[in-house]
Amino acid sequence: MAQRHHDLTDPQAGPVTTGDALAGYLRDQATEFLRALRLHRESGGATANGSSSGTAGGAQERVDAVRALRRSARRISGSLHTFRPLLDAEWSEGIRPELAWLSGTLALEHAYGARLERLLLALNRLSGTAPTPAPTPVPAGRSAGDRATDRVADRVADRAAAHRPTAVPDRGNLTVGAAKAGALLDRQLTLARTRAHSTALQALGSSRFHAVADQVAVLASEVPLTPVAPTTDLRPLAGAAEERLSDAVAALPLVTAGSPYNAEALIHGLSPEPAPHPQDAPWHQVRLLLRLHRYACEVVHGRGAPLEVRLLSAGQALDRHRDASEAASAAAQAARTPRIAPATAYALGVLHADQRHEVEAARYAFQRSWQKQTIGTP
């Protein structure tokens with residue numbers, strides 16, 4: 001079972017952290033947001049009409065700035081959600097969805113790029129052939145986005161994956177189809193990434209974004225707390241966020257499972273139904289609740305306080321679960337492309353199954369991480 005932070009759930013334990021700490025945290029995050037926005041503009045980011053300017057030399061600075069904008073927006077939005085009884089309700093409910101819109105919009109380009117890279121690497125591993133073509137770069141003048149890869153070495157997940165059932169693929173058909181499957185995925189996901197990049201630029205140049213930035217600028221100097229908030233203990237609200245996380249984790253099917261492989265999760269296969277995999281939603285919700293819990297801990301304990309190893313490894317497993325789930329969906333969508341060659345469809349089917357196996361390995365890794373006792377700090 002989850003090991004709780006007793007200073008979050010027990011109002012009588014430890015020093016009291018009040019709404020003043022929440023105000024300081026929100027001011028700090030707002031300042032980080034404004035600093036990232038200034039870096040983005042100085043590096044040749046979006047102009048008033050949403051176009052991209054500057055040289056290629058500022059590409060990495062723009063990527064870092066966008067990442068920092070997303071990070072601050074998520075933390076502000078998450079804190080407003082957890083501690084909403086202590087904040088002006090009208091203001092909080094007005095800005096929170098706008099911050100979620102901004103964070104989600106800025107995340108898409110990175111997500112498509114990382115998904116393509118993950119799928120191409122998996123195709124190469126499965127087919128045992130020469131590396132598939134590298135992802136097509138974004139056209140000149142556009143940022144390549146965050147080039148994240150799945151390099152998290154989760155030993156528990158690796159051991160779990162080693163025990164999963166493996167079928168020896170038809171290596172001939174897979175080799176023939178892998179190159180064409182990689183090219184198809186490259187076309188589809190690069191197009192999606194380019195469109196996401198354009199959407200992000202338009203968003204950063206829009207009046208909607210400027211309204212959000214203006215509100216964040218006010219937040220950097222003045223936090224609209226309720227009259228009683230400065231002296232109200234934050235721990236009960238932070239503890240409630242942890243309780244919601246614990247309840248959601250307890251409802252997951254693999255928390256009590258003793259096997260790293262969940263065959264029931266694969267019965268849908270390459271279903272013609274394009275909806276997300278039905279088992280994934282509860283896990284995505286747990287990932288969101290774990291993030292909210294982490295942010296609440298930052299508010300109560302301060303940004304410098306280390307997190308439990310258990311929380312860190314559980315979060316990594318859920319990130320891996322999300323990445324594999326979305327990669328499997330992309331492979332399935334590509335396999336539905338009309339008039340593709342049988343060998344291409346075969347390779348995409350093997351790729352889809354491989355990523356669903358990765359989903360199951362990540363679930364098992366999360367289960368093992370979550371049930372561990374707290375052993376210290378990283």
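Select helix α9 and helix α10 first: α9 passes α10 in a left-handed crossing, meaning that the near helix is turned anticlockwise from the far one by less than a right angle. Helices here are DSSP runs of H or I with at least four residues, numbered from the N terminus. This is a predicted model, in which local features need pLDDT of at least 70 and side-chain atom pairs count only at pLDDT 80 or more, while totals for chains, interfaces and linings use all residues. Residues are numbered from 1 along each chain as its sequence is written, and side-chain values use heavy atoms, without hydrogens or water.

Keep residues 280-301 (α9) and 309-335 (α10) selected. Their axes come within 10 Å and cross at roughly 140 degrees; axes are lines fitted to C-alpha atoms over the stretch in contact, with angles from 0 to 180 degrees between N-to-C directions. The pair is therefore oblique, the class left after under 35 degrees (roughly parallel), over 145 (roughly antiparallel) and 65 to 115 (roughly perpendicular).

Next, show the side chains at the contact (heavy atoms within 4.5 Å). From α9, select D280, W283, H284, V286, R287, L290 and H293; from α10, select L311, A314, G315, L318, D319, H321, R322 and S325.

Finally, display the whole chain. The chain has 11 helices and zero strands. Of its 378 residues, 49% are buried, that is, under 20% relative accessible area with a 1.4 Å probe, counting protein chains only. Among contacts between residues at least 6 apart in sequence, 87% join residues at least 24 apart.

Notes
Helix = DSSP H or I, 4+ residues; strand = E, 2+ residues; numbered from the N terminus. Buried < 20%, exposed > 50% of the residue type's maximum accessible area, 1.4 Å probe, protein only.
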